[in-house]
Amino acid sequence: MEGLVMTPNEADEKLPKSAGRSCESLGVENSLRLKFLTAIGAHEYFSPEMWRAAFTELVATASLLFTLTSSIISCLESGEVDPKLLVPIAVFIIAFLFLLVTVPLSGGHMSPVFTFIAAFKGVITFVRASTYILAQCIGSILGFLIIKTVMDQNAAQKYSLGGCTIKGSGSTSGVGTQTALMVEFACTFVVLFVGVTVAFDKRRCKELGLAMVCAVVAGAMALAVFVSITVTGRVGYAGVGLNPARCLGPALLLGGRLWDGHWVFWVGPILACSVYYCVSLNLPNEGLKSVEEECDILKGEGIV
């Protein structure tokens, strides 16, 4: 009986070499697959917290776009001498309130722009990012569906349901796609550089507090909107989108000229996020030191 029992080493020697290589390659493949799934955050598919946060993004995006679009159209119909000046004020107030409520719940993205940069910087996983963007797009469709239902049809046609347009209708010319792309890129970058730089800095967030950080981000958005609607001065151009999901909802529901140059409102923010990410890698981790502090460091007095 002893001759029939093989030791582990003997068993390994009995196995064909091809079988050993197959087991080894299978182990490597499983290891690589596991690393990939971990890197993209596949485990979050089974996290109830992630799905609750995504649902928050859906509801918040629908509510934000319904409120924001209705308010902007009301400003434009107010009869003021220059109603465009009221738009940035409305954007600031509404964005500030929604950020204040949703930041503690889901991060307060409500736009693929903030989700893109959060994924680039590793704040959230790519699985959560893709889920958030899907929720934001669905929220946009629902929000504008409500607007389309309750809004006067003449106003809906006049303002293209509050969607993102770069081409005018009739005698209005709008702007070219190159100009719209440049404005979208520049304004989105400004929002990221001013707002996100503060929002993603834990030390500064702690110093300023939630309300002030939300005010900075909302202020950056209002500034970008103000610049976009004044710098071009062209009738038919609805201004910077800053939110690709906001542009998608009306385009799906109303169509027509809303699809003209629609890609601009996706490509511009993605380019801005990519450039900002590269710039952020080269930003100093600490603030500038005073001359006295620099001298102390050079003298070795600041070294413990």
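A salt bridge here is a side-chain nitrogen of Lys or Arg within 4 Å of a carboxyl oxygen of Asp or Glu. With that in hand, here are some close-up views of this predicted model.

**View 1. Glu44, Glu49 and Arg128 join up in a network of salt bridges.** Let's start with the charged side chains. Side chains of opposite charge can pair when their charged atoms come close. A search of the whole structure turns up 5 salt bridges, and this view shows how some of them link together. Glu44 pairs with Arg128, with 2.7 Å from N to O. Glu44 sits in the loop between α2 (17-40) and α3 (48-76) and Arg128 in helix α6 (residues 126-150), so this pair ties together parts that are 84 residues apart in sequence. Arg128 also forms a salt bridge with Glu49, and here the closest N and O atoms are 2.6 Å apart. Glu49 belongs to helix α3 and Arg128 to helix α6, so this link joins parts that are 79 residues apart in sequence.

**View 2. How buried are Glu44, Glu49 and Arg128?** Glu44 and Arg128 are both buried. For Arg128 the relative accessibility is 9%. Glu49, at 37% relative accessibility, counts as partly exposed.

**View 3. Arg204 and Asp201 form another salt bridge.** The closest N and O atoms of this pair are 3.3 Å apart. Arg204 is partly exposed, with a relative accessible area of 31%. Asp201 counts as buried, at 18% relative accessibility.

**View 4. Cys164 and Cys247 form a disulfide.** On to the cysteines. A disulfide is a covalent bond between the sulfur atoms of two cysteines. The count for this model comes to 1 disulfide, and in that pair, Cys164 and Cys247, the sulfur atoms are 2.1 Å apart. The torsion about the S-S bond of Cys164 and Cys247 is about -75 degrees, so the disulfide is left-handed. Cys164 lies in the loop between α7 (153-158) and α8 (177-199), while Cys247 is in helix α11 (residues 244-254), so the bond ties together parts that are 83 residues apart in sequence. Both Cys164 and Cys247 are buried.

View 5. The cut-off for a disulfide is sulfur atoms within 2.5 Å. Cys205 counts as partly exposed, at 22% relative accessibility.

**View 6. Helices α8 and α10 cross with their axes within 8 Å.** Last stop, a pair of helices. Two packed helices are described by the angle between their axes and the distance between the axes. Here α8 and helix α10 (residues 210-231) cross at roughly 165 degrees. Angles over 145 degrees count as roughly antiparallel, and α8 and α10 are therefore roughly antiparallel to each other. Their crossing is right-handed.

**View 7. Which residues of α8 meet α10?** On the α8 side, the residues in contact are Val183, Cys187, Val190, Val191, Val194, Gly195, Val198 and Ala199. Facing them in α10 are Val213, Val216, Val217, Ala220, Met221, Leu223, Ala224 and Ser228.

Methods. Residues numbered from 1 in each chain as written. Predicted model: local features only at pLDDT ≥ 70, side-chain atom pairs only at ≥ 80, totals over all residues. Heavy atoms only, no water. Helix = DSSP H or I, 4+ residues; strand = E, 2+ residues; numbered from the N terminus. Buried < 20%, exposed > 50% of the residue type's maximum accessible area, 1.4 Å probe, protein only. Axes fitted to C-alpha atoms, helices over the stretch in contact; angles between N-to-C directions. Parallel < 35°, antiparallel > 145°, perpendicular 65-115°, else oblique. Left-handed = near helix turned anticlockwise from the far one by under 90°. Contact = heavy atoms within 4.5 Å.
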